[in-house]
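Dear colleague,

I am passing on the structure below, together with some notes on what I found in it. Please read them with the coordinates open beside you.

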Amino acid sequence: MRQIEMRPELLNPLFAEITTLKGVGSALEKPLARLGIQRIRDLLFHFPVAWIERRAVDKLDEAREGEAIVIAVTVREYRAGGSRSPFRVLVEDDAGDVLVLTYFGRTGPLARKLLPIGAKRMVSGRLERYGLERQIAHPDHVVVPEEAPDIPLREPVYPLSEGLTSRRIAQLVKQALVRIPHLPEWIESGLAEKRCWPGWLEAIHAIHGHGSDIPARERLAYDEIFANQLALMLVRASSRRRKGVPLHADGRLRRALKLPYVPTGAQTRAIAEIEGDLRQESPMLRLLQGDVGSGKTLVALSAMLVAVEGGAQAALLAPTEILARQHFDTIRRLVGGLSVNVAILTGREKGRARESVLMGLADGTIDILIGTHAIFQNAVAYRRLGLAIVDEQHRFGVAQRLMLASKAERPAHLLVMTATPIPRTLALSHYGEMDISRLDEMPPGRQPVETRVIAESRLGDVIDALGRHLSGGGQAYWVCPLVEESEAVDLSAAEERAQQLRDRFGAQVALVHGRMKGPEKDAQMDRFQRGEASVLVATTVIEVGVDVPNATLMIIENAERFGLAQLHQLRGRVGRGSQRSVCLLLRADALGETARARLALMRETSDGFRIAEEDLRLRGAGEILGTRQSGDDQFRLATPDQVASLITVADSDARLLVDRDGGLTGKRGQAARIALYLFERDAAVALLNAG
């Protein structure tokens, strides 16, 4: 029996629960958990966002206005005003110059306790001028002279949640720092010297205020990126070593397929690349990347037919039920008349319908299965799964896509697809274990979408324009960012907007949002797709996959609140037929320069890759790929800029370790194994052992 790899014992102090620190009880545990701090490692990786720099001075005349200072004073007098007035303490420096310490709220008793009349105290805070007086409002430190060394001249400011202060986190960090073990170096020595990077232990200490944190931050960002790239390399190497099922197709089904158009050159190339992979014994790991409307579904269908021709089953995993059912309808229509049995399995299929699908998969009578997460549950067994396809891959974690591929007795070929244009740095960091096929041509008949930006004060004009569009027989989407009114964010709700439009246009307005039950959602979508409804008011559930060629108008409210990549995806719902299409971006009347520039870019270009690069710069990788909302953000320490600047170096270094230096077996490889566990990429180690 294969032994399960355990985390190296050396790392146990870093993975100890945060409650092992002195003073962390249930009251402190909860606000720490809200920040994602549950273990010592999490605390050490919770980096400061700013610094308070203080200067010790002997006299007030040595200090500048606005400067944070530490100074010795003698308490002379209290001045208490009315119930709403601040409590003021007059103190003097050694030269006899007066400083006022001002306390707001009901803090008088505390001030009296900290600052008894006639006592000498060390105080710190930002020196300000109020009228003719010099003052410090709410001193951040008040201690007896003997404790002056306890006032840090450089103090970190940490991200906080309710119930925490930066000082409290700094106290916990101080405890945690003494527990850090010495870890072997996994960075190639020449690279570390060239970049002037400190050792790992030194870097952690520097980050939290005990040295220069700029090279330290870069070094730790590199560590995380390197661990990620090494994990992807190991996944790839493990996949290459395993033996899958080579699929030799004869083309009979594809020749009989009646396609809606002649495939583009890009589609033909992608299909050939995929077919070549499927012939191999090593399981395919390929990403199919194409802009909205570039024809990924047709490529996926061709790949699935290759699998069926080769005597295997194929499964397509979609992120939403709407998209799964649309794929099911499209593919079943295209293969109509062929001897191909297509089935669907989502959370809605229950009872006899579900049992029928499960039996068909187990006995091999179902050739192609389309569905949501339900298709890789434990109860789902395939007779001969040869190809697994994951659509809109960014909505699934790496573990989920590997789980789907592992449903076969022998590893299945894996194709993942995304309509989100991915900058090169993100392709390396999120899909580095994969070969990539790119669809960079549009099928014939696709029209460019005219994009206009309109102030929300012209809402009435937009509704009038919608009326003219509908009277001409057209259909339209109206996208709202929220389902219901929120006190925190004053945005129009989808339900309210739908009712307003129904008051004007009647029953031809349909509504779809994420909180609706499946059958209700499908009924509304079906009305729109069959043309019974002319307007579909929706949230971003229609971001991917919805295909209604007669819908040639897209209206997006509060467009400045969406990411550029998401706006591009939504815009891609129109322009899917031969008619001219328009996208109206409704914006707030008052916009900042950045928001204006972003919307101007949407108006200027339909190049998804250019838009994605700009979105990466402005919002970060997690926002583009949808991982930040799902809790699967790729990097905790590395910023998007650091990923962009370090990814190529880290990828080359990881490749060198795997291809030249024996992977994890050598001295540096053993250190790299520790890095994989430290940055929680140890699933790759398990895969390596399984291989």
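How many aromatic pairs does the count come to? In this model, which is predicted, the count comes to 5 aromatic pairs. One of them is formed by F45 and F679, whose ring centres are 5.5 Å apart and whose planes lie at 5°, under the 30 degrees that counts as stacked, so this pair is stacked. Because F45 lies in the loop between α2 (40–44) and β1 (50–53), and F679 in the loop between α24 (667–678) and α25 (683–690), the pair ties together parts that are 634 residues apart in sequence. F45 is buried, at a relative accessible area of 5%, and F679 is likewise buried, at 2%.

Elsewhere, W197, Y222 and F226 are linked by ring pairs into a cluster, while the ring of W51 has the charged end of R154 sitting over it, 3.9 Å from the ring centre.

The other element I looked at is helix α15 (residues 459–471), whose 13 residues should span 18 Å at 1.5 Å a residue, which agrees with the 19 Å between its end C-alpha atoms. Its buried residues are L459, V462, I463, L466, G467, H469 and L470; seen down the axis of α15, they fall within an arc of 160°, and therefore line one face of the helix. These buried residues pack against several elements, including β18 (449–455), β19 (475–479) and α16 (494–505), whereas the face turned away from the buried side carries the exposed residues R468 and S471. After α15 comes G473, which has a positive phi, near 90°.

Note on methods:
Residues are numbered from 1 along each chain as its sequence is written. This is a predicted model: local features need pLDDT of at least 70, side-chain atom pairs count only at pLDDT 80 or more; totals for chains, interfaces and linings use all residues. Side-chain values use heavy atoms; hydrogens and water are left out. Rings of Phe, Tyr and Trp (its six-membered ring) pair if their centres lie within 6.5 Å; planes under 30 degrees apart count as stacked, over 60 as edge-to-face and the rest as tilted. Helices (H or I, at least four residues) and strands (E, at least two) are DSSP runs, numbered from the N terminus. Buried means under 20% relative accessible area, exposed over 50%, partly exposed in between (1.4 Å probe, protein chains only). A charge sits over a ring if NZ of Lys or CZ of Arg is within 6 Å of the ring centre and within 35 degrees of the ring normal. The expected span of a helix is 1.5 Å times one less than its number of residues. The arc is that of the directions from the helix axis to the C-beta atoms. Contact means heavy atoms within 4.5 Å.
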